[in-house]
Amino acid sequence: MPTFLQQLHVDWPAASERAATEALRSLALAELSPARDGEALPPGVLGTVCLKEVMQERGRAGGYDPNLDKCLVTEDLLCALAELQEAVRHGPGDGPPGLAEAADADAGGCMVVHVVSCEEEFQQQKLDLLWWKLDEQAPLTQKHLVCGPVKAAGAPGALTAPEYYEPPGSLFSTLRLRHAQVCKASARKRGRELARDPAWTEVVRVLSVATIKFEMLSTAPQSQLLLALAGGSISTKGTKSGTFVMYNCARLATLFEGYKHSTEQGRYPTFPPVSSLNFSLLQDEGEWLLLFNGVLPFPDVLSQTAALACAAPGLHATARTETMCKFLVQLSMDFSSYYNRIHILGVSTQQRGGCLQGCKGSKGRDQQAPSLLQEPRPHLFGQMFARLQLLRAVREVLHAGLAMLGLPPLNHI
């Protein structure tokens, strides 16, 4: 598996046995067209295969380029086909949402979606046709999710995936760069000694991967992605980054940990049944924003983002990865604004001498911390429980959205 896929925790089965490649090689050699007299094949090319027949049979109706005719067969191409065979053989049984309704899915419900750059789509179409020609078990339906070019600010040309992680001649890969930026932000916020604590290693790694995933997925797949690979910094207060979403997940975790700790000390009663809560006590505008812009529409956002548009006939599929990223960022902004204005645990902002929730003490500690809370006021417990239940739903939405992006929530930052 390529290193950059391992770093992003993407499962991609490599051909487990050379026999698969050898079988394809034998089939390809049987289909090769002999070279013309005096014509030398390019280095590494085994020969050419005519795709015209399979193009007329399957490709034309599927929207493939009508100019596809011949394909230069190389060892690398056969290895790529062997990996595709392994991916189909060992792939999950359940397809993506919408697959069952696809008009051109085969009887087994198997569909292969190739994520391919716009520059390489023509070559991928050749690979599709070659797979059909050499393998009778190849899925009848193949779709292309075409992605726009990835470019680095100030760098000529587009980046390949390996270059994105290990730019030639560069001291830092993008992952290393983002990791260094997160470490710098941690040192600035928490102190250099804490930033070097081994316990923070996993937190920093998750934040670095989150930054990169939001960086890539916040742009519509078909659009050009422009990366800033030099300079700049990362902040948990930057409202367009993955670290901002992770930071607010950690704030929620701290809030509920504070409530749990205070309950164990007898400061608050145990949480009552949800059916007994009085949600009419939620009257702040921020609470309505969290409910109607975050919690209630989340199932629709999830289905829109998760579903590949495969049902339409033709070659191309579409995805909306940017929808989930933008949703999570907006929800985090709404929660952060609410959290900074409204005290959740026990007292209201008006009863705290004007010190708003989220303001920092002399040591930079969050005023939600249990050690800094004023005495609880029993007559406000009903409002506190209603708010906690709302924020439980917000936390579940954030966790589910992050899980879809392959990111674990953090309990502290």
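Leaving aside neighbours within four places in sequence, with which residues is Val115 in contact? In this predicted model, Val115 is in contact with Leu145 and Cys147. Contact means heavy atoms within 4.5 Å. Val115 lies in strand β3, residues 111-117. Strands (E, at least two residues) and helices (H or I, at least four) are DSSP runs, numbered from the N terminus. Val115 counts as exposed because its relative accessibility is 61%. Exposed means over 50% relative accessible area, buried under 20%, and partly exposed in between, with a 1.4 Å probe and protein chains only.

The model is predicted: local features need pLDDT of at least 70, side-chain atom pairs count only at pLDDT 80 or more, and totals for chains, interfaces and linings use all residues. Residues are numbered from 1 along each chain as its sequence is written, and side-chain values use heavy atoms, with hydrogens and water left out.

The protein has 14 helices and 6 strands. Of its 413 residues, 43% count as buried. Among contacts with a separation of 6 or more, 74% join residues 24 or more positions apart.

Helices α9 (residues 201-217) and α10 (residues 242-264) cross at roughly 130°, and their axes come within 7 Å. Axes are lines fitted to C-alpha atoms, for helices over the stretch in contact; angles run from 0 to 180 degrees between N-to-C directions. The two helices, α9 and α10, are therefore oblique to each other. Angles under 35 degrees count as roughly parallel, over 145 as roughly antiparallel, 65 to 115 as roughly perpendicular, and the rest as oblique. From α9, Val206, Leu207, Ala210, Thr211 and Phe214 meet Gly242, Thr243, Val245 and Met246 of α10.

Asp135 sits in the loop between α5 (121-134) and β4 (141-147). Asp135 counts as buried because its relative accessibility is 14%. Its side chain makes a polar contact of 2.9 Å with that of Gln85. A polar contact is a pair of N or O atoms within 3.5 Å; within protein, one must be able to donate a hydrogen and the other to accept it, and residues adjacent in sequence count only if both atoms are side-chain atoms.

The average pLDDT, the predictor's confidence in each residue from 0 to 100, is 76 for the protein. Over residues 347-365, pLDDT stays under 50. Where pLDDT is low, the predicted coordinates should not be read in detail.
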